[in-house]
Amino acid sequence: MRMYDIIEQKRNGGVLTDDQIDFFVNGYVAGSIPDYQASALLMAIFYEGMNARETARLTMDMARSGDMVDLSAIRGVKVDKHSTGGVGDKTTLVIAPLVASLGVPVAKMSGRGLGHTGGTLDKLESIPGLSVDVDMERFFRIVNEVGCAVIGQTGNLVPADKKLYALRDVTATVDSLPLIASSIMSKKIASGADAILLDVKCGSGAFMKTSEDAVALAQCMVDLGEEVGRTTVALITDMGRPLGRAIGNSLEVMEACDVLKGTASEDLTETCVELAANMLFLAGVGSLEKCRETARTQISNGQGFQKLHEMVAAQGGDARVLDDYALFAQPACSREVRSVDGGWVFAMDTERCGIASVALGAGRATKEDAIDPAAGIVLAAKTGARIASGDLMATLYANSEERLDEAERILRGVYDIRDEQPEPVPHFFARVSREGVGRFGA
Ligand code: URA
């Protein structure tokens, strides 16, 4: 078999055989297929797509390219959650302890920020002392004793995705439906959970810009999960504006704490409640409505926040920062960005918000870059706000004035300000399960 023929076949719109897909994944992981041929095939897939059988084969080959985690040492129904990537998405930091505070174990392996999107591991590491490099034995012990742990992927979990994702990131082939579906589902299948909740983001800050594309991606991933016996549900959620107000690592941990203390904005709190309720529902806790109510109670009675304390301490972090935000690393400088125009914030270029936060030092421009835990943005105005000239739009935090200059320049292109009031946009568009697509508000 020749890689050249596989590339040519896909480039010409052909369908790949199982053997050809096996040859590609095994050869790329083993190092016998070079990056330039893998890149060419990724670009051909980007343009020509893959059918359901090809996507399923690619997913399972990737899942089996390394260790398959066995979570049976953890008691109870294990529910995993994965977001397709967004700006200001700190929901895992809220949901993992919230769900665990009700006795449902959360054994979660998360990722780092990529491109304009943030990563849960980078956020957690802004807590002094906290480690996400936890071996499996300690991981299981923490989940059994505390109820939840969020760690980095163990050494040999889905090496095919590690290599392919890094290649996609630099070859403009990230936003492809079969490549995203196989990347996410190979990791979820290899991580061993019994049920999977997917948060499929849609809008200007997401890889899927329209709700039709997001639903198609969700359906593909639900089918992949169900085919291998994992109950899988996807929520299509809005990323046409950043989630909450904070973008940046320690800033997002603080906002996640605010949700668990009951003092965060209603939109972020409701998004977390809906995601947590769906995880509880998948764990068999009760009807969705009952699970929503229970999740809200765990916020108002403080038990979700208490569980976050326990998880942070168990992973070696200084949990005092959760109560006293001044104990986080502090930024060297900050700047208020004020509006020149008055009117309504009609829309936001959310991807650009993510790019501004990377410019501040909150994300990586290259894989080797170090993260500044204190860098980021706190938004004062989001879509739907009525503003006057001179009003505060956002506060920026960084370790140099140069970074603030660059980020301010980028951020000024984020806001579309008009005389017209925008229609309200829901935070949830649809729920996709093996039963079909349920549209919210339809
Ligand atoms: N998140 C992933 O893990 N993989 C993708 O391809 C996109 C988002």
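**Ligand site and helices**

A: An oxygen atom of the ligand is 2.9 Å from a side-chain N or O atom of Arg 168. That is a polar contact (a pair of N or O atoms within 3.5 Å; within protein, one must be able to donate a hydrogen and the other to accept it, and residues adjacent in sequence count only if both atoms are side-chain atoms). The protein covers 93% of the 240 Å² of accessible area that the ligand has on its own (Shrake-Rupley method, 1.4 Å probe).

Q: What kind of model is this, and how are residues numbered?

A: It is a predicted model: local features need pLDDT of at least 70, side-chain atom pairs count only at pLDDT 80 or more, and totals for chains, interfaces and linings use all residues. Residues are numbered from 1 along each chain as its sequence is written, and side-chain values use heavy atoms, with hydrogens and water left out.

Q: How far is the side chain of Lys 187 from an oxygen atom of the ligand?

A: An N or O atom in the Lys 187 side chain is 2.5 Å from a ligand oxygen. For His 82, a polar side-chain atom lies 3.4 Å from an oxygen atom of the ligand.

Q: Which residues surround the ligand?

A: His 82, Thr 84, Tyr 165, Arg 168, Ile 180, Ser 183, Ile 184 and Lys 187 (a heavy atom within 4 Å).

Q: Which helix gives the most to that shell?

A: H9, with four residues. Helices here are DSSP runs (H or I, at least four residues), strands likewise (E, at least two), numbered from the N terminus.

Q: Switching to H4. Why call it largely enclosed?

A: Nine of its twelve residues are buried, so H4 is largely enclosed by the rest of the structure. Buried means under 20% relative accessible area, exposed over 50%, partly exposed in between (1.4 Å probe, protein chains only).

Q: What do those buried residues pack against?

A: Helices H1 (3–11), H2 (18–30), H8 (159–170), H9 (177–190) and H10 (211–227). Contact means heavy atoms within 4.5 Å.

Q: And how many residues of H5 are buried?

A: Ten of the ten, residues 91–100, so H5 is also largely enclosed by the rest of the structure.

Q: What about phi at Val 158 and Ala 172?

A: Val 158 has a positive phi of about 45 degrees, and Ala 172 one of about 55 degrees. Most residues other than glycine have a negative phi.

Q: Buried or exposed, those two?

A: Val 158 is buried, at 1% relative accessibility. Ala 172, in the loop between H8 and H9, is exposed at 58%.
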